[in-house]
Amino acid sequence: MPRRLAITIAGAVSLGSYEAGVLFEVLDAIRQHNLDKNPEADDRIIVDVLTGASAGGMTAIILSQKLLYSAGEFVGPYDNPLYNTWVKRISLAGLQDTGDDEPAMQSLFSSNLIKAISEETLQARYATHPPPAGKQHAAVQDQIRVGVALTNMNGVVYGYPVTPGGKFNYVNYGDQMTRLVDANAPLCDTTDFWEPLRQAAVACGAFPFAFRTQDVQRSAKAESDDYGSTNIEPWERDPAPFTYSDGGILQNQPLGMAKNLVDLIDDHENQECRFYLFVSPHAKDPEANDSFHAANADYLRMLERLIDVIMGQSGFQDWITANGVNKRVALLDERASGLKDAIINGAIDVPALAKTADSLLDLFFPDGQHLSPGATGPETLEHAQKRIADQYQDEMRALGSDSDTAIAFRDAVLAFETAAGLGARDQMTIYGVTATSSELAGAGLQAFLGFFDQRFRDHDYDVGRTHARTVLQCDDLQKPGALGPIDYRGSEIHSIDSRLDGLKLTNVPLADLQAFKAGARKRLNGMLREMFGPYLALPAIPGSDLILDSILNHMISRM
């Protein structure tokens with residue numbers, strides 16, 4: 001059967017340009033590879049899951065629509081929905097052009113630009129009715145499951161019973177929005193379907209302080225896959241408005257969300273054909289941060305470190321967890337192989353093994369079903385037995401397939417798996433395309449630096465393409481059982497200016513810095529006017545420009 005690929009895209013701020021380059025290269029390689037194959041060929045590669053946080057969530061939603069309906073927009077490496085959004089359309093001038101409806105006390109930059117880009121990108125298709133005929137990209141089939149991480153500033157309450165009585169209420173601020181996009185379902189190709197996703201795209205990228213929080217209507221009933229019914233406390237009204245900030249605050253690399261969406265497709269089967277791609281520009285340079293001490297922990301430095309701590313804590317957790325699960329699954333496989341060998345060598349009393357396994361499964365599967373840790377729903381004993389038989393078909397075949405011996409082996413392995421809490425866990429083959437700050441132009445200023453100049457974003461886009469090409473051609477993808485080999489010819493990549501590698505704010509051209517200062521001055525004046533009235537705005541204070549420049553220069557020297 002075709003190989004299936006789930007893609008997770010990390011939060012990135014302006015480094016969405018890097019991720020855009022990675023994803024164009026990957027998708028174009030898969031397009032070329034698939035076009036050379038029979039539609040039913042086993043070595044085709046199909047992208048069927050997209051998840052992301054912050055900028056990555058915005059990209060995931062854009063791709064889920066464009067890949068299923070607007071493949072014609074992928075003209076080339078420098079004319080496609082990702083490049084046009086993250087390199088050409090976004091800019092510092094646009095972000096600092098705040099409107100009258102954007103209070104200065106709510107955001108440093110314009111959220112109206114992000115909203116406008118989202119409308120242009122996701123709703124332009126529905127400017128005419130009916131929309132133009134859809135055209136699918138060769139990297140996908142008829143369906144994509146898409147999900148984005150959100151930070152719910154209100155929180156959703158869950159209640160857990162405690163012994164000997166009563167209930168403990170827990171407020172969960174980590175949220176998500178997931179959807180199944182089906183090219184054959186007319187309701188999926190409508191403005192009503194995409195408007196909540198557009199709102200989620202803006203909300204999941206609402207970086208704290210930089211952009212305004214966003215309100216989105218949610219329904220626990222209609223979106224049960226996002227909230228589930230287990231332990232959720234009733235809402236006063238449903239649907240209810242929730243206020244959201246950047247999804248990367250709590251979950252910057254939602255690989256676990258991708259796994260949950262994959263489970264809805266694969267049902268824990270055919271894992272040898274399932275692969276994951278993780279895209280992130282935030283593999284930090286290998287240097288310890290030993291410059292922060294109590295003596296220098298002023299407000300600015302403390303705020304800077306808190307951002308690093310929070311974003312760092314939310315990053316790579318799912319990847320680390322997946323690697324830990326992979327080790328546990330590998331150990332289970334090793335134990336299963338050892339059990340098979342012991343049975344063949346006569347070291348195991350098979351009837352006694354069968355009796356013990358039956359007793360354990362009766363305990364683990366009361367009423368014939370079991371809810372494993374991390375599972376999206378309960379699994380029946382019959383289905384679990386079939387799954388184990390499929391996963392260990394070589395061992396089952398060596399023991400006689402449907403023989404009593406093979407069935408005893410199957411049930412014993414299922415008991416091992418259930419006792420270890422691995423029923424909802426599978427071996428995950430994860431490929432990563434990452435970068436270090438020293439390779440990128442836009443990583444400075446908490447990854448906002450790329451917004452200053454299109455040259456910086458072009459640089460990072462091409463670095464992303466280069467890194468993706470390295471991964472696509474690496475030996476690990478060519479091995480038996482791997483995602484590759486992928487048959488494609490890479491198109492030309494513009495020359496990368498190495499002088500922009502690891503760019504610091506102090507090295508930004510003077511004109512860009514002056515534009516940044518002018519925008520910051522305008523916004524700070526707006527804050528002062530909103531707090532104290534027009535008479536304390538900076539232009540009314542003698543020497544205010546010198547004061548502001550001094551403050552900004554001090555900030556710049558620290559970044």
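Predicted model: local features only at pLDDT ≥ 70, side-chain atom pairs only at ≥ 80, totals over all residues.

Student: How do you know that the length of α1 fits a helix of 20 residues?

Tutor: At 1.5 Å a residue, α1 should span 28 Å. The C-alpha atoms at its ends are 28 Å apart, so the two values agree.

Student: What makes α2 count as largely enclosed?

Tutor: Buried means under 20% relative accessible area. In α2, 15 of the 15 residues are buried, so the rest of the structure largely encloses this helix. Its length can be checked too: the 15 residues should span 21 Å, and the end C-alpha atoms are 21 Å apart, which agrees.

Student: How are α1 and α2 placed relative to each other, and what is the hand of their crossing?

Tutor: The axes of α1 (residues 16-35) and α2 (residues 55-69) come within 10 Å and cross at roughly 35 degrees. The crossing is right-handed. On the α1 side the contact is made by G16, E19, L23 and L27; on the α2 side, by A55, G56, T59, L63 and L67. By class, this contact has 5 nonpolar, 3 polar and 1 charged residues.

Student: Why do residues three or four places apart point the same way in an α-helix?

Tutor: An α-helix has 3.6 residues a turn, so residues at that spacing point the same way.

Student: Why are C204 and C273 called buried?

Tutor: The cut-off is under 20% relative accessible area. C204 has 0%, so it is buried. C273 has 11%, so it is buried as well.

Student: Why is Q106 called partly exposed?

Tutor: Partly exposed lies between the 20% limit for buried and the 50% limit for exposed. Q106 has 47% relative accessibility, so it counts as partly exposed. Q106 is found in the loop between α4 (92-96) and α5 (111-122).

Student: Which residues does Q106 touch beyond four places away in sequence?

Tutor: Q106 touches F209, F211 and R212. The C-alpha atoms of Q106 and A210 are separated by 8.4 Å, although these residues are 104 residues apart along the chain.

Note on methods
Residues numbered from 1 in each chain as written. Heavy atoms only, no water. Axes fitted to C-alpha atoms, helices over the stretch in contact; angles between N-to-C directions. Helix = DSSP H or I, 4+ residues; strand = E, 2+ residues; numbered from the N terminus. Left-handed = near helix turned anticlockwise from the far one by under 90°. Contact = heavy atoms within 4.5 Å. Nonpolar A, V, L, I, M, F, W, Y, C, P; charged D, E, K, R; others polar. Buried < 20%, exposed > 50% of the residue type's maximum accessible area, 1.4 Å probe, protein only. Expected span 1.5 Å × (residues − 1).
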